[in-house]
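Dear colleague,

Please find below the structure that I am handing over to you. My findings follow directly after it.

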Amino acid sequence: MAAYLVRRVLQSILVILLVSLVTFTLLHLLPGGPARAILGPRATSQQLQQFIVQNHYDKPLILQFGLWFNDLLHGNLGYSYHLNENVASLIADRLPKTIVLMLLSIVVALLIAIPLGVYQARKRNTVGDYVLTGFSFLFYAMPSFLLGLLLIILFSFVLPWFSPEAPQSDSLGAILADGNALVLPVATLALITIAAFSRYTRSSVMENLTQDYVRTAAANGAKDSRIVVKHVLRNALIPVVTLLGLSLPALFAGALIVESVFNYPGMGFLFWQEAIVRDYPVLLGVTLVVAIATVVGSLLADIAYAVLDPRVKYA
Amino acid sequence: MFNGRRWLVPVATLTVLGSLVAGCGSSNNAGGTTPQQGGTATWAELSGASPNWIFPFVDSAHNSVNSVTQFENLMYRPLYWFGNGNQPTINDSLSLAAEPIYQNNNTTVVMNLKPYVWSNGEKMTAQDVQFWMNMMFAEKANWAGYVPTEFPDNVKTVTVTSPTQITMTLDNTYSNTWFTGNELAQITPMPLAWDKTSDSAAPGSGGCSTDQNKCDAVYQYLYNKSKNLSTYQSEPLWQIVDGPWKLKTFDSDGNVTMVPNPTYSGPVKPKLAEFKELPFTSDTAEFNVLRGGNTINVGDIPITDLPQRSVTSSSPLPDHNPMPSTNYTYAPNYVWGWSYAPINYANPTYGPALKQLYFRQALQLTIDQKTDDQVAWRGYAVPMTGPIPTAPPNQFASQAEQGDGPYAFNIGRAKNLLTSHGWTMQNGTMTCTSAGSAPNQCGDGVPAGQALHLTLEYANGVKSVDQIVQQWKSDASQAGIDITINAQPFNTVISDTTSCGQKASTCGWQMALFGYETYGAVPTGDPFFLPGSAINYGSVNDPHLTDLTNKTLHDGSMTTFHQYVDYVAQQLPGALNTPDSYFVYAYSRNMGGVAPFNPLGVITPENWYFTK
Amino acid sequence: MTINPPLPEQVHVSDTVAAPVDSGDAPPKSMWRLGLEVFLANRLAIVGLVVVLLFVAFCFLGPLLYHTEQLRTDLAQANQPPGTGGHPLGTDDVGYDELGRLMVGGQSSLEIGIAAAVMATIVGTLWGAIAGYLGGWVDAIMMRVVDTLLAIPGLFLLLLLVAIFTPSTGLLIVVIAFGAWLTPARLVRGETLSLRTREYVQAAKMMGGGNRRAILKHITPNAIGTIVVNATFQVADAILIVAALSFLGLGVPPPHADWGNMLSDGTAFTQNGYWWMILPPGLAIVLVVVAFNFLGDALRDAFEVRLRRR
């Protein structure tokens, strides 16, 4: 197990490096470059040239990557002219907001999806199951911006219950305390996640319910609900853990759209805005952070899977 | 949803500003009219445009219009202020000096400063102006508004003739209006407390206010301070202001709070207790909050959320309340700029055709501005008939621009122009069947058999522009001109349009569209039409036009100016006019002093107040 | 790449080798027949199939019966509500007939979805099969490439690309497929790992059949279940991705129409109540995506039965 871990960690580091290299190359090979975008149409060619030289955009690609990487090792992720901030502090500012949004959505989604999935598994192929499946698929199929918009119209305008924008404060404490403003953005992200998670739980529980150990327990006189809670759930939830790890990229994407609709300047929104203005340092920094998060997430998921499921052995 | 229109900031707009003539309330104000002291007014920033630079000597990389007009100008006053109501004219009461006195055949300028003080007790003196000018001379390569041969190149000497008087000698005779409105407008006096190179140094120790050669170090010091966003609210340097406001809180997301500067020496002291600015991720997000009626006091209504304005309406505003909340009243916010589509004379394929006047006229005739205004801009736009906007009505717009202008939409006329110049409709596209330079032929350099398949590259993201462009394509095709529309991100369009270097091979673009070019106080054409100018995108080189343009810089008469405008309106040099839209702003019903808005984009919250 | 978290049907845990299932008795019915029966017994599957077929007919056959001007715009006729001027669903923001636009847009959406899914599936299947079959360091490298690309959220990758190149339909298909081939690659690799130990594959090798033959003739067809199920979901996902991109201002620009950009354009007019520009494309997207998901779900059940019986 330890050997497996070490191997995976090394592989993960390699993957992260490769991600940076790929993104770096992609950005710098595309036509146009960042100079004109940052300096504007009225900049003279001398000003452009000065900018290019100052920021090393005239050096060979591999040298530029080396410089960037070297800075990275010293904790310097570069500087965004467009936003007049260091990339590291931008990320430090925005990332927690996105994480709060994602975590809340995941927690809410799990709290609803798992009981839902269990219910659907036990009452499979009944009307209730079909209806819930239908709703699951419905939310899954709705573009997230449409869902967000509908929620705002229904619960902010028609029924003025909730705020149409997410919490606006800078501090995490204040954000978490502003419950009313959190409802709609979290709901938008969670509803879509619930659809996926509940179906996963449903099929996972179903699979377990047909296993021998369940029949044995039932034959021994254990009550239905006890079986479910004590035995089945523990086993059924193992794959859900993996699912969490795999969902991270999708959640980032979903968060991006929710951030834009609900006026919540997190990291996803940052990426979109800076992609449009070719703010290379920010794009590289955010991609790196997301890659790290995804790789770590999937590693943790695999480890959790191995720890929880004694049948799985990693060589 | 996506960013609103993009504003391209020209030279003089950086330091141009304006306000109401002091004391005038707005006739739109429906509430009571007794101004109250106190209250917090909240302004909605346009999405994606939060202030993030505080040092008034802005470089190109940090040149965002909102940092200047909605942030810096509130704290650090430019020497001359522009904007009276909705006119971009000089505002004497808000300027820091009396109107400049031109002598010696307009080659000497004398400026007498008013008694202003800085918030740290320093008096504002001519030295402060020299401080700025020295930095200009030393750091012009870093000045966002720098145009070679113009300011400060056209200034020979700057002398402090008394503590309250500064004299400049110029390298030529210039038009007073232009020199004051576009050149002197670039001056923002800086306090001697900024003239240093380290935190513990004494004010003035940097030497930049007396010696140009010392300015590099001082510039670097202040530049680096300004790069430190997180210190804006705490850094003592930035607390030294001469404007009506001081910064109270600032964060990197764009939330700004300002409080009145008690030592402001200007004529209108703020009545509000606090002025706030809020950032928004998108137009939709801003409107969702605006319509609630409680959070935002002054904000823009996105065009797609405005009701259709009827064609017969005499008011520029919506016919009925666009929002469920009744807490607001509305006012138009015009843009002092030129809305046009540059065309490329240097394009290897269609350059020769585009250089022909009749061809540009035909192209212009296929743009249905009236319908565009009515539908794409939902009624909140007027046709652009030349380089000077006609809304709001102003002295710079010439006769040729009045009414529908010389080229109102007419497909039949467009077709005739083409057929009478050697083009024939073949398979739905006009083809040159009579090549040559005679008056009834295609024109010099247009090859026989050339068919009109042009490409229009435009910046994506604004729905109304998508509509206009599609309609143009459709209308032009009826006249035999096949336009391929190509939407690209704004920065790609800019990059492509400015890449026409020495090589013809990089000059692939034919027609482009990426928004307005905003003007300084005086809407001269030097950036657009002088050969070699930075934004002479189309490579225009017309000696008569060059002459007319130069005349407007040196001769201040409105007749000369109108001659220039008439010529441009008729010749369509390197540009086709596109609809001129305006914003509709909502502001709280119980507020006064907000409207009319300054067309140069500056806001003056010291004029705002709540009423009983 | 998905824009939503993956449904269980789209994912297997691929680092562990799934134990191959063998059945002892000969099945009473043929595997395909059994699968088909399970499929048809699933009511939701029927609904899904019918919906998809209806929409395909609507989009591709509809314009033959219902002619509208889809080339020339007519701004003067823009934003008309249903019923005016003979437009049953009104007109859109440049004057096109909304119903006709819905058909044309649907053609695009379905084409992009299906093309991207097919491309992603083919590339992913081959990649995964080769990696799983050859094993060893080849497998390690190939799967690390997959891991690298998986580590960049698909939307971020797309944003990077489309912020610089405004996409044409072709570029959009390639870019979506570029993000989407990773999942089938992983799935097929997992399947291949389990399949290559089967007797008939060993037998084929011993009889002298080459690797390529083994991959193409034995592994791939047996992994078909996973492949097809995954492909179904890819179509649905592609349609949603296009909608998200349009919302972010990075979809295929006019005069191209697809449900995604119709919906995102329509939502701009929510305040003015132009519901006929919002509801039809929104409904179309939801119905088609749900239908494909039902199909995928049912196909998975059907193939599962097959597997269990084998």
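Confidence in chain B of this predicted model is lowest in strand β1 (residues 7-8), where the mean pLDDT is 30, and highest in helix α7 (residues 357-365), where it reaches 97. The pLDDT stays below 50 over residues 1-31 of chain B, although this stretch has 118 contacts in the model beyond near neighbours in sequence. Where pLDDT is low, predicted coordinates should not be read in detail. For chain B as a whole the mean pLDDT is 90, and 94% of the residues reach 70 or more.

Chain B overall

Chain B contains 14 helices and 27 strands. Its C-alpha trace spans about 75 × 60 × 40 Å along the principal axes. The radius of gyration of chain B is 25 Å, which agrees with a compact globule, because such a globule of 612 residues would have a value near 25 Å. Of those 612 residues, 60% count as buried. When contacts between residues at least 6 apart in the sequence of chain B are considered, 70% of them join residues at least 24 apart.

One open sheet in chain B has four strands in the order β6-β7-β9-β8, with antiparallel pairing. Its edge strands are β6 (101-103) and β8 (155-162), each of which pairs on one side only. From one strand to the next, the twist averages 20 degrees. Strand β8(B) is joined by six bridges to strand β9 (residues 165-170) of chain B, and the two run antiparallel. Within this pair, Val160(B) stands opposite Ile166(B) of β9(B). Helix α2 (residues 126-139) of chain B packs on the sheet and touches β8 and β9 of chain B; the direction of the helix makes about 160 degrees with that of β8(B).

Is helix α5 (residues 283-290) of chain B enclosed by the rest of the structure or exposed? Eight of its eight residues are buried, so helix α5(B) is largely enclosed. The buried residues include Asp283(B) and Glu286(B), as well as Phe287(B), Val289(B) and Leu290(B).

A loop residue in chain B

Asp319(B) is found in the loop between β13 (298-300) and β14 (328-333) of chain B. This residue counts as partly exposed because it has 13 C-beta neighbours inside 10 Å. Leaving aside residues up to four places away in sequence, Asp319(B) touches Pro307(B), Arg309(B), Ser310(B) and Ser313(B). One of these, Arg309(B), is 10 residues away along the chain, and its C-alpha atom is separated from that of Asp319(B) by 6.2 Å.

Chain C has 12 helices and zero strands. Buried residues account for 56% of its 310 residues. Among contacts in chain C between residues at least 6 apart in sequence, those joining residues at least 24 apart make up 75%.

How many residues of chain C are in contact with chain A? There are 40, and they meet 52 residues of chain A. Helices α4 (136-150), α5 (154-164), α10 (224-247), α11 (259-267) and α12 (279-309) of chain C each supply at least two residues of the side that touches chain A. That side of chain C divides into 28 nonpolar, nine polar and three charged residues.

With kind regards

Notes: Residues numbered from 1 in each chain as written. Chains lettered and ligands numbered in written order. Predicted model: local features only at pLDDT ≥ 70, side-chain atom pairs only at ≥ 80, totals over all residues. Rg over C-alpha atoms; globule rule 2.2 N^0.38 Å. Buried ≥ 20, exposed ≤ 12 C-beta atoms within 10 Å, placed from the backbone. Contact = placed C-beta atoms within 7 Å. pLDDT = per-residue confidence, 0-100. Nonpolar A, V, L, I, M, F, W, Y, C, P; charged D, E, K, R; others polar. Pairing = 2+ DSSP bridges. Axes fitted to C-alpha atoms, helices over the stretch in contact; angles between N-to-C directions.
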